[in-house]
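Here's a quick briefing for anyone meeting this structure for the first time. Have a look at it below, then follow the notes.

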Amino acid sequence: ILYCFDEYGLFVTTTTLTGDSHTPDGSNPSLSGTFKATVPDHTKTVHIVGNQLLMDFDESEYRDKSEYEVMSGLEASAGRMIYWARETIDQLASHTSAANAIKLLRNQAKITLEIASDVNFVEKGWVVVNSNSFGTVAPYSPDHGGFVAPTLDSPFITLPENKAKLGDYLDVRTNPEEYIFETENTEA
């Protein structure tokens with residue numbers, strides 16, 4: 001889905017990619033490919049959002065609202081991996097090959113449990129606690145220039161308005177990895 005904004009940063013419309021507009025990469029169809037989209041002429045910025053559901057998004061409620069009002073209100077629920085990027089129309093025109101492809105940011109962190117082979121430790125299960133049930137779609141930081149991707153040198157978190165936590169922390173898992181949304185944790 002492309003969320004289109006005009007030169008003033010106000011919401012214009014969404015464009016959904018369907019059918020022939022998306023061509024998955026044959027060698028890695030779930031992680032790369034190409035797409036074509038038609039956006040209104042006065043579009044200057046787009047937020048590219050992959051895997052987002054539009055069921056509860058009523059465009060008429062967001063028309064002429066700012067990027068911040070539209071994008072910061074979008075949320076994802078646990079179990080739904082969302083991918084995001086923000087590009088200007090000029091930047092989009094430069095993405096003509098795999099070498100300069102648009103990189104989408106995943107909205108969940110991957111936690112992996114690895115046990116060194118030289119350690120006398122038997123895993124019975126593990127669990128992530130105090131994890132958010134909902135996460136944001138696009139990272140926003142007024143201190144870092146608006147909608148930008150966090151970096152190791154300049155980290156920040158973007159928490160959703162819905163602060164609900166995942167259920168029972170006693171639900172121990174034995175799978176080696178877990179995906180979670182950002183969570184603000186106290187020292188306790």
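Strand β5 pairs with strand β7 (residues 83-88) in the antiparallel sense, over six bridges. Strands here, like helices, are DSSP runs numbered from the N terminus: E for strands, with at least two residues, and H or I for helices, with at least four. Two strands count as paired if DSSP finds at least two bridges between them. Keep in mind that this is a predicted model, where local features need pLDDT of at least 70, side-chain atom pairs count only at pLDDT 80 or more, and totals for chains, interfaces and linings use all residues. Residues are numbered from 1 along each chain as its sequence is written, and side-chain values use heavy atoms, with hydrogens and water left out.

**The sheet around β5**

- In β7, E87 is the bridge partner of V46.
- β5 (residues 45-50) also pairs with β1 (residues 2-5), again antiparallel, and that pairing has four bridges.
- β5 is largely enclosed by the rest of the structure, because five of its six residues are buried. Buried means under 20% relative accessible area, exposed means over 50%, and partly exposed is in between, using a 1.4 Å probe and protein chains only.

**The nonpolar cores**

- The largest nonpolar core has 16 residues, and Y3, V49, V70 and M71 touch the most other members. A core is a set of buried Ala, Val, Leu, Ile, Met, Phe, Trp, Tyr and Cys residues joined through side-chain atoms within 4.5 Å.
- β1 and α2 each bring at least two residues to this core.
- Another core, of five residues, lies apart from it and includes L2, C4, V12 and V46.
- What does M71 touch, leaving aside its neighbours within four places in sequence? Its contacts are Y3, F5, H47, V49, W84, A138 and F147, where contact means heavy atoms within 4.5 Å.

**Salt bridges**

- The structure holds three salt bridges, each being a side-chain nitrogen of Lys or Arg within 4 Å of a carboxyl oxygen of Asp or Glu.
- R86 and E67 form one of them, with their closest N and O atoms 2.8 Å apart. Since R86 is in strand β7 and E67 in helix α2, the pair ties together parts that are 19 residues apart in sequence.
- In that pair, R86 is partly exposed at 31% relative accessible area, while E67 is buried at 12%.
- E177 and K110 form another, with the closest N and O atoms 3.4 Å apart. This one links distant parts of the chain, 67 residues apart: E177 is in strand β13 (residues 177-180) and K110 in strand β9.
- R63 and E59 also meet through their side chains, at 3.4 Å from N to O. R63 is partly exposed at 38%, whereas E59 counts as buried at 19%.

**Loops and surface**

- I115, V119 and F121 make a nonpolar surface patch with about 270 Å² of accessible area together. Patch residues have over 30% relative accessible area and no salt bridge; like charges are joined within 9 Å, and nonpolar side chains (Val, Leu, Ile, Met, Phe, Trp, Tyr) within 5 Å.
- V119 sits in the loop between β9 (109-112) and β10 (134-136), and is partly exposed at 45%.
- Most residues other than glycine have a negative phi. D64, though not a glycine, has a positive phi of about 70°; D64 lies in the loop between α1 (59-62) and α2 (67-71).
- N130 is not a glycine either, yet has a positive phi of about 60°, and is found in the loop between β9 and β10.

**The whole chain**

- The chain has three helices and 13 strands, and buried residues make up 28% of its 188 residues.
- The accessible surface comes to about 12,300 Å², with 51% of it belonging to carbon and sulfur atoms. Accessible areas come from the Shrake-Rupley method with a 1.4 Å probe, and for residues only the protein chains shown count as cover.
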